[in-house]
Amino acid sequence: MRSKIVAGNWKMNKNLAETEALLTELAAKLPDTNAEVMVAPTFVNLASAVHSLESSTINAIAQNMHFAESGAYTGEISGDMLVSIGVDTVILGHSERRAYFGETDEILEKKVKAALAKNLRVMFCFGEELADRKSENHFKVVESQIKNALFSLDASAWSSIILAYEPVWAIGTGETASADQAQEMHAFIRKTITEAYNEEIANNVSILYGGSVKPANAEEIFSKPDVDGGLIGGAALVADNFVDIIKAI
Ligand code: PEP
């Protein structure tokens, strides 16, 4: 059975005091839920977030990691470093990493394998750009992103994979995919995984939707059968909004 997940990607927001304040407010307001709730603060505050959340069910996760074990990679963070501070999940392939930091499918395949080798769970993000959707290439683009980074994995690795479909045109734009568009893509992703692996793996992987999810649209998006939760950007920075999105699941 796949799990429901609501994850907040805080990106490059919140200094230490602001991080602590938001975590305290979230922990106090967290509703009863069967969903796994995750937040991804910036690296510099990640260890303190893990510590602050020790008595909470909220899981502090990482926004990224490097594929190398260690070495001369100034400014980078290794999987081992994440594990050493108690992190168990890492976001990889976010569209901002792809667009601004040149992360290709090839690099992401290496990152995914490096993370899995450290027993980290991977929240793998992918999604088409507006031009791809307008030219009706969105299914092809998504298929190749998943295939190139993930289809060389052993079947057993898939229990550590969470997928996050995030159409680039909907991220931070206020424009969201309709619930039907999200469902259509999520069903396509499951079909693609069934063909490459099998139905059991496809049915057991959680597929989150991300892209301008707000309290006002969360319930409709989450009601779709192949949508297992959301990866939330802007709305995760305000406790009440994030809490309302968790309630929607
Ligand atoms: C994201 O960056 O993963 C995201 C979904 O952002 P937003 O919710 O702000 O569109």
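Which residues have the most contacts inside the largest nonpolar core? The legends below begin with that core. The model is predicted: local features need pLDDT of at least 70, side-chain atom pairs count only at pLDDT 80 or more, and totals for chains, interfaces and linings use all residues. Residues are numbered from 1 along each chain as its sequence is written, and side-chain values use heavy atoms, with hydrogens and water left out.

**View 1. The nonpolar cores.** The largest nonpolar core has 68 residues, and L150, W158, I161, L163, I189 and I193 have the most contacts inside it. A nonpolar core is a set of buried Ala, Val, Leu, Ile, Met, Phe, Trp, Tyr and Cys residues joined through side-chain atoms within 4.5 Å. Buried means under 20% relative accessible area, exposed over 50%, and partly exposed in between (1.4 Å probe, protein chains only). A second, separate core of 12 residues includes I5, I91, C125 and I162. In soluble globular proteins, nonpolar side chains tend to be buried together.

**View 2. The surroundings of I193.** Leaving aside neighbours within four places in sequence, I193 is in contact (heavy atoms within 4.5 Å) with F151, W158, L163, N198, I201, A202 and V205.

**View 3. Helix α11.** Helix α11 spans residues 239-248, and A239, F242, V243, I245, I246 and A248 are buried in this helix. Elements covering these buried residues include β1, α1, β2 (36-40), α10 and β8 (229-232). Helices (H or I, at least four residues) and strands (E, at least two) are DSSP runs, numbered from the N terminus.

View 4. Around the ligand are 15 residues, of which K11, H94, E166, G172 and S212 come nearest; a residue is near if one of its heavy atoms lies within 4 Å. The shell divides into four nonpolar, eight polar and three charged residues. Here Ala, Val, Leu, Ile, Met, Phe, Trp, Tyr, Cys and Pro count as nonpolar, Asp, Glu, Lys and Arg as charged, and the others, Gly among them, as polar. A side-chain N or O atom of K11 is 2.5 Å from an oxygen atom of the ligand. For S212, a backbone N or O atom lies 2.7 Å from a ligand oxygen atom.

**View 5. Two residues with positive phi.** K14, in the loop between β1 (5-9) and α1 (16-29), has a positive phi of about 80° although it is not a glycine. K14 is partly exposed, at 25% relative accessible area. S212, also not a glycine, has a positive phi of about 55°. The loop holding S212 runs between β7 (207-210) and α10 (215-222), and S212 is buried, at 9% relative accessibility.

Key
A polar contact is a pair of N or O atoms within 3.5 Å; within protein, one must be able to donate a hydrogen and the other to accept it, and residues adjacent in sequence count only if both atoms are side-chain atoms.
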